[in-house]
Amino acid sequence: MRPRPWRHWTVRTRIVVSVVSIAGVALVAANLIGVLLLDSYLSDRVNEQLRGGPRPPSSSASAFQQRPREGEFNPGPQHDVYVLDAAGTVVSDYPPVVDPKLLGDVKQHAADGEPFTVKGPKDEWRVRIFSVSYQNNQRYVVRVISLADVNATRDQMIQYSSGVSLALLILVGIATATLVRVGLAPLTRMEEAAADIAGGNLSRRIDDADPHTESGRLGIALNTMMTRIEGAVDESAASQRRLRQFLADAAHELRTPLTSVQGFAELYRRGMAPPGPALDEAMECIDAEVSRMRLLVNDLLTLARLDEERPLQQGPVDLLAVAADAVRDAHVRVPTRFVQLAALDERSSTFEPVTVEGDEARLRQVVANLVSNALQHTSEDTQVVVRVGRAGPPKMLPIATVGAALPEGVPLGAIEVSDTGAGMQPEDAARVFERLFRAEGSRSRKTGGAGLGLSIVASIVQAHGGRVELWTAPGQGATFRVLLPALEMPDFGEADDEADIDLGEIPDETDEMWATGFRGNSEVR
């Protein structure tokens with residue numbers, strides 16, 4: 001079977017193989033150096049013995065022609081000394097251990113005086129040759145030391161070091177595998193957690209993630225990533241639920257008017273609505289249902305355009321004029337309801353002009369939706385107040401907030417729409433700006449529409465860099481405040497006082513309308 005490439009090996013295997021290989025190379029190099037040093041040391045000792053032996057004088061050369069007697073120089077069992085004549089013939093009494101033919105050029109070696117190695121068929125010797133004069137004849141003394149002990153010591157050293165190295169490599173491999181297993185244990189746990197997460201358990205996390213280790217920091221990063229992924233998945237699931245709910249709501253909203261239109265058309269087709277009051281009533285109902293469908297479609301298109309972040313038509317917008325028009329429209333549409341315009345500062349009866357940079361049509365839609373929402377979700381005897389002015393710090397934290405975090409020190413214009421109705425539960429208030437959210441599940445005309453009005457308010461205000469805040473509690477009504485960056489007002493001196501609208505100076509016909517409250521109406525979306 002073809003072995004797997006190195007890159008396909010597991011990390012544990014690669015680490016163990018790498019460490020054992022490096023350790024093996026290091027041990028082989030250390031043993032080789034040790035054997036070479038030992039061999040050099042023993043060879044030097046042999047050379048010293050060859051150089052340090054007695055050198056007979058010229059008149060004593062006969063001492064080498066016979067075996068040493070007791071008390072004379074004895075080179076030992078591993079030594080051999082014999083004498084050659086000028087022709088290379090042995091003139092000693094006993095035969096040499098080294099064949100003279102293996103010595104090579106005796107005269108040259110004698111002239112050098114340095115030890116050299118002679119290899120025989122079964123043994124190896126270290127040899128030194130020096131010349132002496134005997135009875136006017138040139139003689140060559142050959143001193144020989146066998147290298148058998150040196151080679152045996154070296155071979156034994158190689159055997160011992162090889163065995164020890166092999167044992168050490170085995171121990172290093174076992175220790176490395178153990179350490180790697182312990183070191184990779186966090187990664188193994190991460191692998192198991194990842195497999196569990198891949199199986200669908202998005203709540204699984206890496207336990208005991210130590211920020212002081214690399215694996216621990218990786219575990220913390222994975223936990224953070226999984227938290228975000230889980231949040232994104234939950235948000236996607238919630239978005240899918242809202243989408244399904246929206247499709248159901250939109251289908252219901254469109255099916256009802258379409259059913260009515262189809263029914264009246266069928267009556268006309270069958271001749272059951274002849275010209276006259278009956279036909280006029282049918283056409284009025286058809287027109288009302290078509291207007292209802294158009295309102296829903298327009299709201300959806302508005303949200304789609306806001307999601308695309310199309311540029312707004314920027315320009316100076318007078319918030320007081322916007323609020324006054326919204327109150328007037330409410331009075332015209334629902335004359336039976338109490339809708340009042342007031343200054344944001346309850347202690348003042350003078351309106352402070354507030355100008356912001358924005359899209360006037362969109363900001364009018366914001367105020368209209370807030371007023372419509374208050375009228376739609378409260379009873380007939382509920383009071384609705386629209387306040388305008390420059391915003392100060394709130395008296396308490398809002399229940400819900402949507403929009404940008406406005407920087408401190410920037411002047412803010414504010415429009416508040418408050419009512420004295422039943423208020424909302426905290427869990428409903430927290431979701432009131434979500435698209436398609438309705439506190440009640442019904443879809444009747446009396447209780448509201450598709451739940452898009454406040455979502456449009458939040459989207460428009462966010463597109464203007466502002467913020468929407470909500471204060472509410474059960475039985476304490478609801479107050480929606482829109483905050484927008486205000487433009488600096490020019491200093492006109494005393495003309496400012498004349499420009500301000502004073503409730504005490506309002507004409508009689510308008511004074512009565514503002515004092516008793518405007519009355520208005522609009523669809524709740």
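I started with residues 164-184, where the chain is 95% helix and 0% strand, with the end C-alpha atoms 29 Å apart. I'm working from a predicted model here. Why that span? The unreviewed UniProt entry lists it, along with residues 15-38, under "transmembrane region".

I found six strands making an open sheet with mixed pairing, and I noted the order as β6-β9-β11-β13-β12-β10. The edges are β6 (338-343) and β10 (400-403), each of them pairing on one side only. On average, neighbouring strands in this sheet are turned by 15° against each other, direction ignored.

β6 runs parallel to β9 (residues 383-390), and the two share six bridges. Across that pairing, I see F338 opposite Q383 of β9. Then I asked myself which strands helix α7 touches. Helix α7 (residues 319-333) packs on the sheet and touches β6, β9 and β11 (412-419). The direction of α7 makes about 165° with that of β6.

Now the nonpolar core. The largest one has 50 residues, and I wrote down those that touch the most other members: L341, V356, L370, V386, F433, L470 and F480. Which element gives the most to this core? It's α7, with eight residues.

I picked V386 from that list and looked up its contacts, leaving aside neighbours within four places in sequence. V386 is in contact with A323, V327, Q340, L341, A342, V371, I415, E416 and V417.

There's another core, lying apart from the largest one. This other core has 14 residues, including V106, A110, W125 and V142.

F433 sits in the loop between α9 (426-429) and α10 (453-463), while F480 belongs to strand β13 (residues 478-485). The two are 47 residues apart, so I noted that the pair links distant parts of the chain. Buried or exposed, these two? Both F433 and F480 are buried, and both are on my list of residues touching the most other members of the largest core.

Definitions and conventions: Residues numbered from 1 in each chain as written. Predicted model: local features only at pLDDT ≥ 70, side-chain atom pairs only at ≥ 80, totals over all residues. Heavy atoms only, no water. UniProt positions renumbered as here; feature names shortened; annotations may be inferred. Helix = DSSP H or I, 4+ residues; strand = E, 2+ residues; numbered from the N terminus. Pairing = 2+ DSSP bridges. Axes fitted to C-alpha atoms, helices over the stretch in contact; angles between N-to-C directions. Contact = heavy atoms within 4.5 Å. Buried < 20%, exposed > 50% of the residue type's maximum accessible area, 1.4 Å probe, protein only. Core = buried A, V, L, I, M, F, W, Y, C linked by side-chain atoms within 4.5 Å.
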